[in-house]
Amino acid sequence: MGLDMVGPVIMGHGSAEQKAFYLPRILAAEDRWCQGYSEPGSGSDLSSLQTRAVADGDDYIINGTKIWTTYAQYANRMFCLVRTAAEGKPQAGISFVLLEMDSPGITVEPIISMSGNHDINQVSLDDVRVPRSNLVGAENDGWSVAKNLLEFERGGRAWGARLRGAFAGLRELAEARGLAREIFGRRLAALEVEIRAVEITEQRVIAELQHTGRMGSASSLLKLTAGDALQAITECSVEVIGVHAAPHQPEARAWGSNLAPIGRADELVVMGSYLDLRARSIAGGSNEVQRNIMAKLVLGM
Ligand SMILES: Cc1cc2nc3c(=O)[nH]c(=O)nc-3n(C[C@H](O)[C@H](O)[C@H](O)COP(=O)(O)OP(=O)(O)OC[C@H]3O[C@@H](n4cnc5c(N)ncnc54)[C@H](O)[C@@H]3O)c2cc1C
């Protein structure tokens with residue numbers, strides 16, 4: 001989230017001091033970032049967010065709850081959307097602020113997904129003090145910064161490379177069982193075509209970025225098609241290994257575990273990936289919302 005998401009946004013909207021401090025740290029992977037956008041009552045309708053930041057001298061005091069915060073348990077920094085004004089249009093009272101996860105008043109509670117993995121969290125912010133100099137962009141102008149970040153989140157995740165990696169794993173599973181030509185040949189070929197289309201679209205989006213400095217609304221198209229392809233790859237992987245997908249051993253796939261897997265080690269993660277990737281239709285903005293954006297901004301409907 002540093003390199004792909006908040007880094008480009010600091011480059012575009014940050015102050016000279018913020019660029020000098022954060023960008024080298026992001027490049028050196030010294031910081032681990034998480035994203036404090038969604039709240040229990042605000043997801044697709046993000047501008048309704050209620051986390052309040054009240055100015056107090058040179059600081060803000062922040063109160064509220066963020067949810068679905070991926071890897072908050074590992075992060076030392078969060079980029080966070082807060083409400084700094086309650087009047088006018090909801091979008092006009094939002095600010096984009098950077099905070100440190102070890103600040104007093106921050107509590108991270110795990111949310112365990114149906115695969116048994118712990119990736120997402122609920123984060124409570126209780127009287128968290130953050131310097132006002134940590135604002136990115138102007139106060140009450142965080143919505144444009146937030147939207148710019150979403151373009152990078154949806155379009156700038158090296159989808160082609162991720163798909164190639166996942167597809168190589170699927171192909172290996174199918175070849176090891178002698179199923180890559182006869183039984184799954186057509187499915188694999190269709191997936192390969194999808195991946196190529198994503199790669200070409202990704203190159204188009206990058207070219208757009210070079211010319212205009214923005215990824216544009218095609219980033220929604222990329223998020224949607226790449227997410228669908230990732231889901232299709234994991235679905236096909238489960239079908240390739242059949243009943244061997246059934247053993248549920250999250251503890252055996254934990255780093256450093258001595259527990260012997262039931263079946264082959266490469267089968268251990270297949271069902272977990274399949275289950276986790278169902279959430280791809282929601283994470284980063286739901287597919288329905290991406291279709292709305294494309295209808296409006298790409299098709300002009
Ligand atoms: C695995 C995962 C990781 C995530 N990580 C993060 C994170 O790190 N940080 C963060 O801030 N958030 C994160 N999110 C949150 C994610 O951005 C939201 O879940 C998403 O934006 C949807 O919001 P919601 O869950 O409130 O659903 P809702 O907005 O309540 O939507 C419910 C359903 O209604 C549909 N819907 C809503 N509005 C419309 C509309 N206008 N037109 C048509 N259909 C509509 C949606 O498509 C969806 O199917 C994560 C989510 C998941 C699943």
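Analyst: Helix axes are lines fitted to C-alpha atoms over the stretch in contact, and angles run from 0 to 180 degrees between N-to-C directions. The model is predicted. By that definition, the axes of H6 (residues 218-241) and H7 (residues 270-277) cross at roughly 145° and come within 9 Å.

User: Which residues of H6 and H7 meet, and how do they divide into nonpolar, polar and charged?

Analyst: Contact requires heavy atoms within 4.5 Å. In H6, Leu 230, Gln 231, Thr 234, Glu 235, Ser 237, Val 238 and Ile 241 meet Val 270, Met 271, Ser 273, Tyr 274 and Leu 277 of H7. Seven residues of this contact are nonpolar, four polar and one charged. Glu counts as charged.

User: Why is the pair Arg 157 and Asp 4 called a salt bridge?

Analyst: The closest N and O atoms of Arg 157 and Asp 4 are 3.1 Å apart. The cut-off is 4 Å, so the pair qualifies as a salt bridge. Between domain 1 and domain 2 the count is one salt bridge.

User: What area do domain 1 and domain 2 bury between them, and which three residues of domain 1 supply more than any other three?

Analyst: The two domains bury about 730 Å² between them, 48% of it on carbon and sulfur atoms. Asp 4, Met 114 and Ser 115 supply 59% of the area that domain 1 buries against domain 2.

How values were computed: Residues numbered from 1 in each chain as written. Predicted model: local features only at pLDDT ≥ 70, side-chain atom pairs only at ≥ 80, totals over all residues. Heavy atoms only, no water. Helix = DSSP H or I, 4+ residues; strand = E, 2+ residues; numbered from the N terminus. Buried area = accessible area lost by both parts, 1.4 Å probe. Salt bridge = Lys/Arg side-chain N within 4 Å of Asp/Glu carboxyl O.
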